[in-house]
Amino acid sequence: MNTPTGRTTTVPRTMRAAVLHRARELHLEEWPVPAPGPREVLIRVHTVGLCGSDVHFYEHGRVGDLEVLEPLVLGHEAAGTIVATGEQVGGPDSLIGRRVAIEPQRPCRYCWHCRTGQYNLCPQMQFLSAPPVHGCFAEYVTVPADLAHPVPERYSDDAVALLEPLSVGIAAARKTAVVPGSRVLVAGAGPIGVLCAAAARGFGATDVVVADPVQPRREVAQDMGATEVFDPLTETAPEGAFDAFIDASGAPGVLAAGLRALRGGGRAVLVGMAAEEVALNVFLVQSRELKIEGLFRYTDTWPAAIALAADLDLDRLVSARFPLEALGEAIRRNGEAEVMKVLVDVAPS
């Protein structure tokens, strides 16, 4: 593929894509390779992490009010290499061949939220793999040039793909105002919970305690920086002992326990996908002046994630990997308790 005024390397006309047609109906298909727009780059996708939202779309055909109404390519935790650029993309030809992490958000850039630094809340947001926007379980994808973040060559493709969930952890640490010396409680030791804990440690938290009922996940959490772990089925966190609480589990009853663990003036951030409605001890919130916030994706986290990853063994999270043609099997394996993070090799580098 060649563009008249852009820059490119040799790119085929078609690519393989794993396409979800409706719940539990996934096909490997041959699709045209997309052409980059004037301010976009074309990326050859190497590795993609499997997210819980991908699983939910596959199982149910929808997440919240987002519904798969036409064929959709899932996947948004991606590492790849730039192979073509649009004609308005500045910089030298050396952009070609640059390894990048993909930030999967496409905000409008002009609304009030975008102009005030909250582009994650843009009402016109186009998010890779959220219907109707195609994601990264395809050999090529186009993204705005400034959302293709260059990464150090020493980082593995696996680590680069995991910068997206690490960004969630960084956004959570920022929301809870973690500073050096903070004490942080994290509920859930899945990939997001582990990376929330790692981010809190990276922000200087002295004590980061992670609760999860699954022993192998607790072990990974400790390997990734948690100072203490416990099984919430047999133990409880001390009351009023923490500055911040991050719920990365969404499990019933977790919010109530987490709020009790906060000191006066503490902050709770809801990261995990929970039930739409939960019981809330309003007296506790009022009497301790607790702050409770939701978290929706991230804003300007990639520079911090790339820097923080230098001190983390992100590859430690990977417990299973599959080729693109086995995406369905990857999704089915994702729910197994011993599986931490599933990666899909789309077009390995």
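This is a short walk through a few spots in one predicted protein model.

Okay, ground rules before the tour. The model is predicted, so local features need pLDDT of at least 70 and side-chain atom pairs count only at pLDDT 80 or more, while totals for chains, interfaces and linings use all residues. Residues are numbered from 1 along each chain as its sequence is written, and side-chain values use heavy atoms, with hydrogens and water left out.

Let's start with Glu77. You'll find Glu77 in strand S8, residues 77-85; helices (H or I, at least four residues) and strands (E, at least two) are DSSP runs, numbered from the N terminus. Is Glu77 buried or exposed? Glu77 counts as buried, because its relative accessibility is 2%. For the cut-offs, buried is under 20% relative accessible area, exposed is over 50%, and partly exposed is in between, with a 1.4 Å probe and protein chains only.

So what does the side chain of Glu77 make a polar contact with? The partner is the side chain of Lys341, at 2.8 Å. A polar contact here is a pair of N or O atoms within 3.5 Å; within protein, one must be able to donate a hydrogen and the other to accept it, and residues adjacent in sequence count only if both atoms are side-chain atoms. Leaving aside neighbours within four places in sequence, Glu77 is also in contact (heavy atoms within 4.5 Å) with residues including Thr47, Cys51, Glu164 and Pro165.

Those last two, Glu164 and Pro165, take us to helix H4, where both are buried. H4 covers residues 163-175, and its 13 residues reach 18 Å from first C-alpha to last, close to the 18 Å expected at 1.5 Å a residue. That expected span is 1.5 Å times one less than the number of residues. Eleven of the 13 are buried, so H4 is largely enclosed by the rest of the structure. After H4 comes Ala177, with a positive phi near 60°.

Next, another acidic residue, Asp54. Asp54 sits in helix H1, residues 52-60, and counts as buried because its relative accessibility is 0%. A polar atom of the Asp54 side chain lies 3.2 Å from the backbone nitrogen of Gly75. Not counting residues up to four places away in sequence, Asp54 touches Gly49, Leu74, Gly75, His76, Ser129 and Phe137.

Most residues other than glycine have a negative phi, and most peptide bonds are trans. Pro131 and Pro132, though, are joined by a cis peptide bond, with omega about 5°. Pro132 is in the loop between strands S11 (126-127) and S12 (140-144). Arg24 has a positive phi near 65°, and is in the loop between S2 (14-22) and S3 (25-32). Arg24 is exposed, because its relative accessible area is 53%. Glu289 has a positive phi as well, near 50°; Glu289 lies in the loop between helix H8 (282-287) and S19, and is exposed at 60%.

Ile292 counts as partly exposed, because its relative accessibility is 32%. Together with Leu280 and Val282, Ile292 makes a nonpolar surface patch of about 230 Å².

That's the tour, happy to take questions.

How values were computed. Patch = residues over 30% accessible without salt bridge, like charges linked within 9 Å, V, L, I, M, F, W, Y side chains within 5 Å. Areas by Shrake-Rupley, 256 points an atom, 1.4 Å probe, with all protein chains shown as cover. Salt bridge = Lys/Arg side-chain N within 4 Å of Asp/Glu carboxyl O.
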